Amino acid sequence: MAIGRVTTNAMIRRYTTNLNNALGDLDAKRNIVATHRNFNTIAEDPSSAMKSFKLRSNFWRANVHQENVKDARAKFEEVTSNVLNCSSMARQFIEVTLQGFSGPTSSYESRLSFQQEVINLQDSFLQQMNGKYNENFIFGGASTKDLPFTKAEDGTILYRGLPVDTPTSMTRDEVSQALSGTLGLSDNPATTPPLSTALNDIMGTDTSISFSKIKSAIENSASLSSSQKETLMKDNENVKNQLLYNAYFNEHSYRDIGFGMKEKNNEIVSTSAFDTAVNGLEIFGYGVDEEGLPNNIVALAGELADLLGKENLSDADIEKYDKITNKMKSSLNDMIDNGLAALGTKAAFLENTDDQLTKTTQTLNEQISALDFCDPAEAITNLMWSQYAYNATLKVGNSLLSNSFIDFMN
């Protein structure tokens, strides 16, 4: 049996390798104790590093989503505060001022004094309705840089240039007048297309058409040419107002709050994001009722101011006054019931989402900490074992190399 011979150089090389390994392990354990991290470079632990990057990416996204939620919550708190201020002013006006006023039977001077109070109420309302959050108008829908509510010289209340008391639908006669007045259509055989044909294309058998349907009805009309459709939508005042209503009520301002915001056909999928747009018309009212009175409480106050400014009131004016005062109460209730209820639902949703994101970030943070950072007690124990192994290696080397080959020859 052959016996291998271990030379001094071989023994030294093997010992040096073991000593370097022990020293390297000791240095690694010292770094762990000093930095409290399981690894400091990707090369040390590629698998854990990749998992850590993914967790940190998710943690960063969750933080961004939570900041978006907090910003949206702050905006809706401001919106709610403004609506509550408006409802408080309106309630005080109705319960104290309006009930204490003797009405149309009072003197003209008394009515003028009360008229000024109504105008002051309008101005106070408009200030709240034009409230801001972060330099953005909160009731302007998707248009947050321009003043949403304004008061024209004739007293008309406008929302982004559109009278708030614009009817929300067009009657069959109004559509017929638009076709004849704007496009010059009639049932004369020389007219293309005949008025009745175009009217039936748009209206069918309906007696009225709402602002949500007018655009598609015109665009889908088989009898009108492209230029006629464009002219009708561009030049007819009633149609333009209907299209503006439709546009304002279909505006959105989406924020990514962690539901995987995505697009489809160049539009944000509504269920994948949160809509922060607040349409002032939905809060404060729009359109007119069956008697032609504005549903918007500020525009309604304007109607009341106009009545009070008349020196002599007719029986019809007195009847209208009673209708206005009664409608102001119902308009206030609508603003509270519909406006605040919708805001409350959105605020509650944001609060729940904020809580869920807080739990998500906490869980991710715990996972990152468990992966990236060491247990101090375990790290110190491992360092002590590495120190012991290194010292033992040095001691072994001292015994092996204490006598050289020359010493042996002597």
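Analyst: In this predicted model, F274 has a relative accessibility of 7% and is buried, because the cut-off for buried is under 20%. The ring of F274 pairs with the ring of F349, which is partly exposed at a relative accessible area of 38%. A pair of aromatic rings is described by two values, the distance of the centres and the angle of the planes. For F274 and F349 the centres are 5.8 Å apart and the planes stand at 10°, so the pair is stacked; the cut-off for this label is an angle under 30 degrees. The two residues belong to distant parts of the chain, 75 residues apart. F274 is in strand β11, which covers residues 274-275, whereas F349 is in helix α11, which covers residues 315-372.

Another of them joins Y245 and F249. Here the ring centres lie 6.1 Å apart and the planes are at 50°, so the pair is tilted. Of these two residues, Y245 is buried, with a relative accessible area of 0%.

Ring pairs can also link several residues into a group. In this model, F139, F149, Y159, Y248 and F284 are joined by ring pairs into a cluster.

How values were computed
Residues are numbered from 1 along each chain as its sequence is written. This is a predicted model: local features need pLDDT of at least 70, side-chain atom pairs count only at pLDDT 80 or more; totals for chains, interfaces and linings use all residues. Side-chain values use heavy atoms; hydrogens and water are left out. Rings of Phe, Tyr and Trp (its six-membered ring) pair if their centres lie within 6.5 Å; planes under 30 degrees apart count as stacked, over 60 as edge-to-face and the rest as tilted. Buried means under 20% relative accessible area, exposed over 50%, partly exposed in between (1.4 Å probe, protein chains only). Helices (H or I, at least four residues) and strands (E, at least two) are DSSP runs, numbered from the N terminus.
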